[in-house]
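Subject: Structure handover

Hello,

Here is the structure for your files. My notes follow below it.

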Amino acid sequence: MTPDQYCRDKAAKSGSSFYYSFMFLPPQRRQAITALYAFCREVDDAVDEIADPEVAAQTLAWWRTEVENIFNKTATHPVGKALEEALQHFELHQEYFLEIIDGMEMDLYQHRYEAFKHLALYCHRVASVVGLLAAEIFGYQHRQTLKYAEKLGLAFQLTNIIRDVREDAERGRIYLPQEDMDQFGVKADDILALKQTPELTALLAFETDRARTVYQEAKGLLPPEDRYAQRTGLIMSAIYEATLDEIEKDQFRVMKQRVSLTPLKKLWLAWRTSRAEKKHQQ
């Protein structure tokens with residue numbers, strides 16, 4: 001199996017919405033973004049799939065070394081080798097990859113966030129930095145596009161937090177800011193007990209409004225000249241915002257079931273958004 005095939009399989013098996021947005025990219029950019037996504041999956045799995053925190057920390061330390069190897073052209077992992085190829089065509093900064101690992105490492109020792117401003121650092125590391133790397137791969141003319149990419153990453157992570165409350169609680173984690181929980185009378189013990197309370201429903205409605213605001217702010221930062229180049233992010237935005245709509249239609253019952261779109265719905269949204277951006281370019 002080639003490094004690129006490994007990365008493609010990693011993306012496809014994850015069932016992630018990102019997979020559908022990659023389909024509309026030319027081969028070179030698709031190879032690079034798939035390798036980046038596979039890297040994020042590897043380091044995320046190191047934290048989520050390894051029960052022993054010490055072993056997880058050691059695995060992340062190994063990936064820090066592999067990042068150095070990637071930039072020294074001595075990578076050993078299939079994902080590392082795929083990223084070596086991507087570096088031949090795109091200017092991807094080493095410190096961003098290390099910052100992603102820093103974000104994943106936070107999950108090993110920090111399971112609560114006092115306020116939204118504290119959560120923002122975590123979101124920046126695990127999502128906004130990925131957005132900055134992705135923007136380099138997609139291409140842009142205006143540096144303001146980087147601000148768009150950074151904010152869009154925040155919006156994606158806020159959506160993940162809303163969607164995955166139950167899954168995170170099962171791992172002992174609560175990403176909803178404590179100050180927001182206090183405002184709506186939500187108890188941490190109820191979340192960890194996987195209870196769908198009226199207070200939690202109200203809080204999730206509030207967080208959904210916040211996420212939607214961030215989506216609009218992000219898209220407002222994207223210069224018209226860069227819209228088509230950055231269409232993959234806009235496809236992702238369409239899929240993630242549709243996911244928020246489905247969660248709202250289900251009355252925010254995230255403790256009962258994990259809301260997700262069907263593959264066909266994701267593919268349709270990806271095709272529709274890509275087609276609209278192509279017409280917009282013309």
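Helices (H or I, at least four residues) and strands (E, at least two) are DSSP runs, numbered from the N terminus. On that basis the protein has 14 helices and zero strands. Along the sequence the pattern reads α-α-α-α-α-α-α-α-α-α-α-α-α-α.

The basis first. This is a predicted model, in which local features need pLDDT of at least 70, side-chain atom pairs count only at pLDDT 80 or more, and totals for chains, interfaces and linings use all residues. Residues are numbered from 1 along each chain as its sequence is written, and side-chain values use heavy atoms, with hydrogens and water left out.

Overall form. The C-alpha trace spans about 50 × 50 × 35 Å along its principal axes. The radius of gyration (over C-alpha atoms) is 19 Å, which agrees with the value near 19 Å for a compact globule of 282 residues; the globule rule is 2.2 Å times the number of residues to the power 0.38. Contact means heavy atoms within 4.5 Å. Among contacts between residues at least 6 apart in sequence, 72% join residues at least 24 apart.

Burial. Buried means under 20% relative accessible area, exposed over 50%, and partly exposed in between (1.4 Å probe, protein chains only). Of the 282 residues, 51% count as buried.

The cores. A nonpolar core is a set of buried Ala, Val, Leu, Ile, Met, Phe, Trp, Tyr and Cys residues joined through side-chain atoms within 4.5 Å. The largest has 80 residues, and Phe39, Ile100, Leu176 and Ile191 touch the most other members. Helix H7 (residues 116-138) gives the largest share of this core, 13 residues. Another core, of seven residues, lies apart from it; Tyr20, Ile235, Leu261 and Leu269 are among them. Leu176 has contacts that include Tyr113, Ile161, Met181 and Ile191, leaving out residues up to four places away in sequence.

Helix H5. Glu84 lies in this helix (residues 78-87). What is its burial state? Glu84 is buried, because its relative accessible area is 18%. Not counting residues up to four places away in sequence, Glu84 touches Asn69, Ile70, Lys73, Thr74 and Ala75.

Met23 sits between helix H2 (17-22) and helix H3 (27-48). Met23 counts as partly exposed, because its relative accessibility is 37%.

Best wishes
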